[in-house]
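Please read the following briefing alongside the sequence and the coordinates.

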Amino acid sequence: MAIPMVLGIVSPPSLDLTAASLLVLISLAILGFLELSGIHLKYSKFFNASSSSISSKVPSRVGMFLLYTPAFLVGVASFWLFPDGDLRFLLLKSAITIHFFKRIFEVVFIHKYSGEMALDTFIIISVSYIFLSSSLIYTHILNQERPEPSIDLMYPGVVLFLIGISGNFYHHYLLSKLRTKGGKDYKIPKGGLFELVICPHYLFEILGFLGISLISQTLYSFSVTLGCAVYLGCRSYDTRRWYISKFDDFPKEIRAIIPFVF
């Protein structure tokens, strides 16, 4: 019953789009399980944990800016390359562009950086963001000639996207207030949903991606969201373990990403 219900709310996929959806889901899930096994993408606190073994590095602010800019430009270019399409396609392009514009804005004006990130991590994430933004747009184009989903979730998707992007921004702002300029020390975050989970910014990022999926309503977009949820869930779980190992007074009732649950 569950599978027909899900297929009823997404555009009917072709065989090649089904294969692409499975591939992106598996790829993101593998990255998540590697995080659990201790093989981290080396940025933020997990860069510091292994910085002695890293030879090629880039400054964090420069790296993060260059990570997000190409994906943002993909979103901007989509308005010029694919000017036609329905409202659903326009909202999808807008959501992807706004998502990465927010990231760039945070890098320039919100986040405080004092470290570096590994070059191989920079390359992996940069390529992943470019691929995800372009593939979300392109696979939606391939689905435009197919029948509309039986249940239209576009407008709830817009609302969920706005909640996700706003909650993510707010908790990034709270994180930025923890560190003085040039400081490298970590503190237990406070305020907002940090009182319940250690990675509320990841939770809201997942909600934002879910909003994009509801706007697009393709199997591929839902696969991207599920894959991102697996990756961010695994990284948040390991983030919680890191805080427990570093702070004796870390509140054990604070979960990883879902309040009271996980």
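The points below are grouped by topic, after a short note on conventions.

This is a predicted model, in which local features need pLDDT of at least 70 and side-chain atom pairs count only at pLDDT 80 or more, while totals for chains, interfaces and linings use all residues. Residues are numbered from 1 along each chain as its sequence is written, and side-chain values use heavy atoms, with hydrogens and water left out.

**Fold and overall numbers**

- The protein chain has 9 helices and 2 strands, where helices (H or I, at least four residues) and strands (E, at least two) are DSSP runs numbered from the N terminus.
- Read from the N terminus, the order of these elements is α-α-α-β-α-α-β-α-α-α-α.
- Of the 262 residues in the protein chain, 48% are buried; buried means under 20% relative accessible area, exposed over 50%, and partly exposed in between, with a 1.4 Å probe and protein chains only.
- Among contacts (heavy atoms within 4.5 Å) between residues at least 6 apart in sequence, 83% join residues at least 24 apart.
- The accessible surface of the protein chain is about 13,000 Å², and 71% of it belongs to carbon and sulfur atoms; such areas come from the Shrake-Rupley method with a 1.4 Å probe, and for residues only the protein chains shown count as cover.

**Nonpolar cores**

- A nonpolar core is a set of buried Ala, Val, Leu, Ile, Met, Phe, Trp, Tyr and Cys residues joined through side-chain atoms within 4.5 Å; in the largest, which has 45 residues, Leu-67, Tyr-68, Phe-100, Val-224 and Phe-250 touch the most other members.
- At least two residues of this core come from each of helices H2 (15–36), H4 (60–81), H5 (87–109), H6 (119–143), H7 (154–176), H8 and H9.
- A second, separate core of 5 residues includes Ile-9, Val-10, Leu-160 and Leu-214.

**Salt bridges**

- There are 6 salt bridges in total, each being a side-chain nitrogen of Lys or Arg within 4 Å of a carboxyl oxygen of Asp or Glu.
- Glu-35 and Arg-235 pair at 3.0 Å, N to O; Glu-35 lies in helix H2 and Arg-235 in helix H9, so this pair ties together parts that are 200 residues apart in sequence, and both residues are buried.
- Arg-103 and Glu-205 pair at 2.2 Å, N to O; because Arg-103 lies in helix H5 and Glu-205 in helix H8, the pair ties together parts that are 102 residues apart in sequence.
- Glu-205 is buried, with a relative accessible area of 12%, and beyond its neighbours within four places in sequence, Glu-205 is in contact with His-99, Arg-103, Asn-168 and Leu-232.
- Asp-238 and Arg-241 also form a salt bridge, being 3 residues apart in helix H9 and separated by about one helical turn; Asp-238 is buried at 6% relative accessible area, whereas Arg-241 is partly exposed at 37%.
- Arg-88, Glu-148 and Asp-152 are linked in a network of salt bridges.

**Cysteines**

- The count of disulfides (pairs of cysteine sulfur atoms within 2.5 Å) is 0.
- Cys-199, in the loop between H7 and H8, is buried at 2% relative accessibility, and Cys-228 is buried at 8%.

**Surface**

- Phe-33, Leu-36, Tyr-237, Ile-258, Phe-260, Val-261 and Phe-262 make a nonpolar surface patch of about 700 Å²; patches are made of residues with over 30% relative accessible area and no salt bridge, like charges being joined within 9 Å and nonpolar side chains (Val, Leu, Ile, Met, Phe, Trp, Tyr) within 5 Å.
- Phe-260 lies in the segment after helix H9 (219–246) and is exposed, with a relative accessible area of 70%.
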